[in-house]
Amino acid sequence: METDREIVCIVCPNGCRMKVYIDDRNRVVRVENALCRNGGTYAKKEVQSPERSLTSTVKVTGGALPLVSVRSSKPIPRDKIREAAALLRSLHIQAPVDFHQVLLSDILGTGADIIATRQVLKA
Amino acid sequence: MLINKDLIIIGAGPAGLAAAIEAVKRGIRDVLVLEREPVAGGILNQCIHDGFGLIRFDEALTGPEYAKRFTDEAAEMGIEIITDVMVQEISRDKEVTAISPGGITIYRAKAVILAMGCRERTRGAIGIPGTRPAGVFTAGVAQNLVNIRNVMIGRNIVILGSGDIGLIMARRLTLEGANVLAVIEKLPYSSGLQRNITQCLEDYGIPLLLSHTVTRVEGRERVTAVTVSKVDEKGNTLRGTSEKYKCDTLILSVGLIPENEIALNSGMDMDNTTGGARVDEKLETSIPGVFACGNVLQVHDLADHVSSEGELAAVSAADYIKNYCHKAGESSDTGENCLCSGNDRKIPVTAGSGIRYVLPQAIRPGQAITFSMRVTVPGREKSVLFKSGEKVIKKRKYTALNPAEMLRIELSSKELENISGLEVCIDGN
């Protein structure tokens with residue numbers, strides 16, 4: 001069974017409203033209303049294995065700031081974002097924190113590390 | 001005490017830092033940056049999401065990482081940045097009065113660059129009826145509390161305004177465990193980027209209610225509910241469409257305004273649409289030797305454009321300082337490179353139909369000039385026209401136009417030859 005869904009392309013400002021046809025094994029078979037080929041590539045990725053970068057904060061004890069901002073070292077599967085964010089909420093790191101220090105490796109087995117995006121000195 | 005400086009830059013965000021670095025590269029040694037916050041970097045420090053620097057660095061940096069590129073470079077160059085200091089006033093002869101915990105200091109600069117950024121419109125600016133309980137925040141304040149200060153602002157949250165900050169806070173608060181009930185937008189379209197609608201709302205199943213607004217706030221000590229109603233094309237509330245949302249927090253993402261009190265008080269010419277100073281192609285204001293860049297000049301959507309505008313202001317300020325006449329305390333009007341002799345005629349640039357504003361507001365042709373502008377409403381298959389009188393001197397076609405995205409179009413010196421005026425407008429393809 002083939003189904004279709006509308007996906008708005010985010011690759012460029014044109015914002016094509018694409019009609020994306022998907023087969024019963026969740027594969028994109030056809031894309032309509034895309035102005036260029038990038039739309040099809042985006043739609044395929046978005047349907048078959050959507051990924052997102054995760055940015056959040058982690059609590060710091062003994063630091064000049066109570067939080068350090070963090071990100072994933074690479075995008076992770078979209079359906080793991082909420083769980084990963086919940087995991088980061090429970091994490092505490094001791095100051096000092098270095099810029100790009102790895103705070104958690106291989107979060108949820110995704111292969112991505114959680115790294116600090118700023119430095120936090122000791123209080 | 002009067003301290004003399006070649007160049008004073010007000011604000012150490014992306015505009016001010018980029019300007020300082022560029023000025024030093026252009027040979028200006030005596031540069032001072034004044035910053036109100038305790039650290040340099042500006043609003044980027046609290047913008048922990050990624051997507052910054054795609055044009056300049058060809059990678060998606062987070063706000064703090066983007067800021068660090070500039071603070072590191074400024075530190076390597078030994079640029080003097082004073083933090084915890086607030087500029088109260090600049091005068092026409094470029095005296096800068098600054099107040100800090102140590103007292104009041106007065107500087108005299110050969111040139112000044114304004115890079116103070118912008119601030120948010122508040123509940124008062126849009127006049128939402130109802131009680132005045134705790135729990136109403138602007139999006140940027142909420143972002144500061146949640147991302148920097150470790151203060152969670154609420155559990156059940158309604159967001160009014162679908163600009164990028166509102167969308168980004170919807171995701172951020174969801175990831176911190178809050179329940180974002182809806183994002184409400186008065187216009188029939190979102191004023192945010194599609195990327196953010198997809199990744200901040202759709203990913204989390206947060207509804208976006210277009211053509212709706214918040215018509216009442218309830219609660220005595222803390223917000224207990226807000227009423228949301230449909231609006232017509234003119235923005236008038238439609239009777240019988242209201243729905244109550246039980247919530248403890250209302251976040252407002254309802255627009256940004258250049259933070260321009262010191263420019264206003266200095267008496268320089270302002271643009272009522274942008275809320276910033278009127279500038280020429282050098283980003284020079286109506287006060288010779290005072291330049292403006294970044295969000296204090298016009299509210300941007302990309303930090304990359306803020307940085308490059310800072311650099312342009314610095315190039316102009318460096319030229320101005322090099323031609324500075326010491327005995328008069330003003331730029332020389334005898335040198336051949338004189339920049340402000342007053343008799344170099346500027347051509348006015350005006351926003352025509354479909355264009356909300358265009359910058360710079362006046363130009364001296366004779367070089368390539370990049371114009372920034374925003375359209376008034378979304379459109380498809382339209383062109384931006386540059387006209388001198390009835391003659392079209394440039395036409396750029398667009399598949400899609402969106403007020404959320406600033407357009408930047410460069411015209412060559414050849415295209416600008418022999419023009420008598422310049423009007424920018426929208427036309428069908």
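**Domains, helix packing and chain contact in a predicted model**

The domain assignment of chain B, whose bounds come from an automatic or database source, gives domain 1 (2–119 + 257–344), domain 2 (122–254) and domain 3 (345–429). This is a predicted model, in which local features need pLDDT of at least 70 and side-chain atom pairs count only at pLDDT 80 or more, while totals for chains, interfaces and linings use all residues. Residues are numbered from 1 along each chain as its sequence is written, and chains are lettered from A and ligands numbered from 1 in the order in which they are written.

Along its principal axes, the C-alpha trace of chain B spans about 70 × 60 × 40 Å. Chain B has eight helices and 29 strands, where helices (H or I, at least four residues) and strands (E, at least two) are DSSP runs numbered from the N terminus.

The centres of domain 1 and domain 3 of chain B, taken over C-alpha atoms, are separated by 26 Å. Their contact takes twelve residues from domain 1 of chain B and 16 residues from domain 3 of chain B, two residues being in contact if their C-beta atoms, placed from the backbone, lie within 7 Å. The side of domain 1 of chain B that touches domain 3 of chain B has one nonpolar, five polar and six charged residues; Ala, Val, Leu, Ile, Met, Phe, Trp, Tyr, Cys and Pro count as nonpolar, Asp, Glu, Lys and Arg as charged, and the others, Gly among them, as polar.

Turning to helix packing, helix 1 (residues 14–25) of chain B and helix 8 (residues 303–322) of chain B pack at an angle of about 40°, with their axes 7 Å apart. The contact between helix 1 of chain B and helix 8 of chain B has twelve nonpolar, three polar and three charged residues; among them are B:P14, B:A15 and B:E22 of helix 1 of chain B and B:V306, B:E309 and B:V315 of helix 8 of chain B.

Between the chains, the contact takes 23 residues from chain A and 23 residues from chain B. On the side of chain A that touches chain B, the elements giving two or more residues are strand 5 (55–61), strand 6 (67–72) and helix 2 (81–89) of chain A, and the largest share, four residues, comes from strand 5 of chain A. By class, this side of chain A has nine nonpolar, eight polar and six charged residues.

How values were computed:
Axes fitted to C-alpha atoms, helices over the stretch in contact; angles between N-to-C directions.
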